[in-house]
Amino acid sequence: MKEVRQVQVDRRLARGLRLNAHKTMSTTAPIDTSLRPKRLIVGVKQQLGAPGEILVATGDRVRAGQKTVAAGEPPSAAMHAPLDGTVSAIEDRALPTGLGKAIVIEVDAVPGETVSSPPGYLDVTLLREAGIVGLGGAVFPTGDKVTYADHCPTLLINGAECEPYISCDDMLIRERAASIARGSVCLMELCDAHECIIAIESDKPEAFWAMTGALHELDDNRLSLAEVPTVYPAGGERQLIQVLTGLEVPVGSYPPELGYLCQNVATAAAVDDLVRTGVPLTHRVVTVTGEGVAQPRNVWAPIGTPIADLIAHCGGYTGDVARLIMGGSMMGLALPSDTIAITKATNCIVVETAEEIRGDFSERPCIRCGDCAYVCPATLLPQELYRHTVSHNWEQLEALHLNECIECGCCDVVCPSHILLTEHFRVAKRGARVHAEEVRRAERAADRFSEHERRLEAQLVAQRAQHETLKATARNPLDRAAALEAAKQRAAAKRGAPSES
Ligand code: SF4
Ligand code: SF4
């Protein structure tokens, strides 16, 4: 048996933060697989790109794994019923990203028999049809990502779960390392990669050793393991490449242009499940944590589980709940209610108490200390971006690469003026998109107007020329008679009658 190859990582992320991890509270128990909610609210669109056609109707019986929404135009991925049940409604519901169409399923009290049917092959169409998307949070359809990154020499499997509170990847690696390794091999073959590096942060020794064991078993020397330093946000795609290789992905470029395709460990495990059992993506591991939940842990949850059910499954609230966050404490989204259901993008629910979010956070004016620029992992100038977001200076925001902001929240943490920079940037990105659309619309209207003007001008020139000809013939009676005769002949020829002459 060969030694597991380890990639030497001697580079550090130039920027970023060392944060209090808050992970141990959810990693003491194994992943809980016993959750079976009574009702699922499955959002129709859960991935980047377009959704396809809804394939079920109210009143339909659905089986676990049955396709409920077809994949749309690429990039896209299908959706499936996570459990057996009956569709009770297809209607707009509050989803983490806002109001959207959802399929509501009343789950059968007794689970039906599961039939395993391995597909016997794997291609990008199967990935799309099985609803596999990036489970690190971006939810980009995996089949399309692999297609775009065809012939990428290096596959990076991202197990660097750097954000505080989230431990779902850590626990998945500890418990299903072999599955992740097998799924990585499948992904390597799909994108023609020569090597695969599985990256795990240095503060996850159990996961690291579990993966070392799995790679020993697999005995495929194309796969290697890298222990990356625990710096937030080393788990970001671009930051991970920088940590591992020292290469910076240039502004406006994507990792495959440098020869790297990144996939999350949970995505690799989902690919392995698909290949071995034919089961599409219907469940994911969700970390339920924070001081506000009685029994923090990781749960294998059906997609569409209402958050209230997840919390109840973990012992309920402790009584002192100040904020509910979907995602981690840095990049997560504050939720208005626990009736919202989880999606494929939901890796964590943090129930924060007033104690966890204590402090005076009233914003004060920027003192131009430069701390935000010092920590920004995307090497942006947050204070300058902030200045231009306030004045809605869209051109300057574009010039300062607002879209390269990964919304990591590092600048917020260090800002002595407590300016919620990341929130300003999120809003500004939406504003910039609206502005760009308005500019495009204005340009299209201007193009249409100039085309209209050009035609009018051409018509006017033709009319003037005709008018000049008529004027000239009207001045000369002989020409006029000849023109009259020619017109008569033309009319007669049209009727098929002989002319008088
Ligand atoms: S850290 Fe805050 S106060 Fe300092 S420059 Fe940045 S925005 Fe201004
Ligand atoms: S939120 Fe954006 S601007 Fe702030 S540190 Fe992160 S990448 Fe930089």
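## Pocket, ligand shells and backbone

The second largest pocket holds about 690 Å³ of space. The model described here is predicted. The lining of this pocket is made of 31 residues, and those nearest its centre are Ala64, Gly65, Thr114, Val279 and Pro280. Two helices, α1 (124–129) and α6 (265–277), each give at least two residues to the lining. Sorted by class, the lining residues of the second largest pocket are 13 nonpolar, twelve polar and six charged.

**Ligand surroundings**

Around ligand 1 stand Cys366, Ile367, Arg368, Cys369, Gly370, Cys372, Gln383, Cys415, Pro416, Ser417 and Leu421. This shell has seven nonpolar residues, three polar and one charged.

Arg368, a member of the shell around ligand 1, sits in the loop between β17 and α8 (371–375). Arg368 counts as exposed because its relative accessible area is 51%, and the cut-off for exposed is over 50%. Gln383, also in that shell, is one of the buried residues of helix α9.

The shell around ligand 2 has 13 residues, with Cys376, Cys405, Cys408, Gly409 and Cys411 coming nearest. Helices α11 (410–414) and α12 (421–475) each contribute two or more residues to the shell around ligand 2. By class, the shell around ligand 2 has ten nonpolar residues, two polar and one charged.

Is Gly16 buried or exposed? Gly16 is buried, because its relative accessibility is 18% and the cut-off for buried is under 20%. Gly16 belongs to the loop between β1 (5–7) and β2 (39–43). Beyond its neighbours within four places in sequence, Gly16 has contacts with Val231, Tyr232, Pro233, Val375 and Cys410. One of these, Val375, is 359 residues away from Gly16 in sequence, yet the C-alpha to C-alpha distance is 5.0 Å.

Glu404 lies in the loop between α10 (394–399) and α11. Glu404 counts as buried because its relative accessibility is 19%. Not counting residues up to four places away in sequence, Glu404 touches Arg238, Val251, Gly252, Ala378 and Leu380.

**Sheets and enclosed elements**

One open sheet has three strands in the order β3-β5-β6, and its pairing is antiparallel. Its edge strands, β3 (51–54) and β6 (79–80), pair on one side only. Strand β5 (residues 67–71) is joined to β6 by two bridges, and Lys67 stands opposite His80 in β6.

Another open sheet has five strands in the order β14-β13-β17-β15-β16, with mixed pairing. At its edges are β14 (297–302) and β16 (333–334), each with a single partner strand, so one side of each has no neighbour in the sheet. Within this sheet, β13 (residues 283–289) and β17 (residues 348–352) run parallel and are joined by three bridges. Val288 stands opposite Ile349 in β17.

Strand β10 (residues 195–201) is largely enclosed by the rest of the structure, because six of its seven residues are buried. β10 runs parallel to β9 (residues 154–159), and six bridges join the two. Leu156 has Ile197 in β10 as its bridge partner.

Helix α9 (residues 382–390) is likewise largely enclosed by the rest of the structure, because seven of its nine residues are buried. The buried residues in α9 are Pro382, Gln383, Glu384, Leu385, Tyr386, His388 and Thr389.

**Backbone features**

Most residues other than glycine have a negative phi, and most peptide bonds are trans. The table lists departures from both patterns.

| Site | Feature | Angle |
|---|---|---|
| Pro74 to Pro75 | cis peptide bond | omega near -5° |
| Tyr232 to Pro233 | cis peptide bond | omega about 5° |
| Asp219 | positive phi | phi near 55° |
| Arg368 | positive phi | phi near 55° |
| His392 | positive phi | phi near 55° |

Pro75 is placed in the loop between β5 and β6, whereas Pro233 lies in the loop between β11 (223–228) and α5 (237–245). Pro233 is also one of the contacts of Gly16. Asp219 occupies the loop between α4 (205–218) and β11. With a relative accessible area of 41%, Asp219 is partly exposed. His392 follows α9.

Key:
Residues are numbered from 1 along each chain as its sequence is written. Chains are lettered from A and ligands numbered from 1 in the order in which they are written. This is a predicted model: local features need pLDDT of at least 70, side-chain atom pairs count only at pLDDT 80 or more; totals for chains, interfaces and linings use all residues. Side-chain values use heavy atoms; hydrogens and water are left out. A residue is near a molecule or strand if one of its heavy atoms lies within 4 Å of it. Ala, Val, Leu, Ile, Met, Phe, Trp, Tyr, Cys and Pro count as nonpolar, Asp, Glu, Lys and Arg as charged, and the others, Gly among them, as polar. Helices (H or I, at least four residues) and strands (E, at least two) are DSSP runs, numbered from the N terminus. Buried means under 20% relative accessible area, exposed over 50%, partly exposed in between (1.4 Å probe, protein chains only). Contact means heavy atoms within 4.5 Å. On a 1 Å grid over the protein atoms alone, a cavity is a set of points where a 1.4 Å probe fits but cannot get out, and a pocket is an open set with protein on both sides within 12 Å along at least five of seven lines; lining residues have an atom within 4 Å of a point. Grid points are joined across faces, edges and corners, and a volume is the space filled by probe spheres set on the points. Two strands pair if DSSP finds at least two bridges between them.
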